[in-house]
Each structure stands twice: as structure tokens, then as C-alpha cells.
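I opened my notebook and loaded the structure. My entries follow.

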Amino acid sequence: MATEDFKSNFGGDVQARSFSRVCGVLAALERLEKPDLQSLVDKTDIPRRSILGIFDRLQREYHVVIERQMGRRYGFYRVLDWGVLNRERILESQGEEG
């Protein structure tokens, strides 16, 4: 078994790289002053579409609440509720650079 893969308790293969991307997006959301989609792309090197998919995954799988503040054109994102995830552990795991 590769180090990137592990079996979940639900029987499916889960990509560790995928979860590290989720953590990277969450850390960027916390550390950027007003994180909009473009600044998240720049900070994480993850494509726009993938970031939107990560937002969806965070809501569905981890019950994280991310809300857009100040409208669509000039708005930015904020994490309102970390759901089942531990904020401190994720930020610590992502180091200062996030």
C-alpha cells in the first residue's frame, strides 16, 4: 500500500494528498486577511474549480461552514464553523506558510 493511500473505516480508499489539500485551503482561509477565490488559488496553487469542490466537500463530509462576506464582487470567504475538524491541529500541521 502506498504512503498516500489508506483504507477508511467505511471500506473506501481515501487519498491522503486530497485531505492535505483540504487542510491547505482551510489554513489559507484562516491566514489570509480577506481570502477571495483568486488569493486562495495564488496561496495554495490549487485550481479554482478544485477549491470550489473542496468547499463542497468540507460542507458535506466535515460539516464546515464557510460563508462569503460582503457580496460576490468584492467579497471574501470566512470559516464560521469548523464542524468536526480541529482548527488548532490543522493550522499547526500546515505550519506558518499554510
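Which residues does Leu29 touch, not counting residues up to four places away in sequence? I looked them up: Leu29 touches Pro35, Leu40, Phe55, Ile66, Tyr77, Arg78 and Val79. Contact here means heavy atoms within 4.5 Å.

I noted the ground rules. This is a predicted model, where local features need pLDDT of at least 70, side-chain atom pairs count only at pLDDT 80 or more, and totals for chains, interfaces and linings use all residues. Residues are numbered from 1 along each chain as its sequence is written, and side-chain values use heavy atoms, leaving out hydrogens and water.

Next, confidence. pLDDT is the predictor's confidence in each residue, from 0 to 100. The protein's mean is 84, and 80% of its residues reach 70 or more. Strands are DSSP runs of E, at least two residues; helices are runs of H or I, at least four. Over residues 1-14, pLDDT stays under 50.

Buried means under 20% relative accessible area (1.4 Å probe, protein chains only). Of its 21 residues, Leu26, Leu29, Ile51, Leu58 and Leu85 touch the most other members. Helix α1 (16-31) gives the largest share, six residues.

Last, helix α2 (residues 37-44). I listed its buried residues: Leu37, Leu40, Val41 and Thr44. They lie on the same side of α2 because they cover an arc of only 100° around the axis. Just after α2, Asp45 takes a positive phi of about 60°.

How values were computed. Buried < 20%, exposed > 50% of the residue type's maximum accessible area, 1.4 Å probe, protein only. Arc of directions from axis to C-beta. Core = buried A, V, L, I, M, F, W, Y, C linked by side-chain atoms within 4.5 Å.
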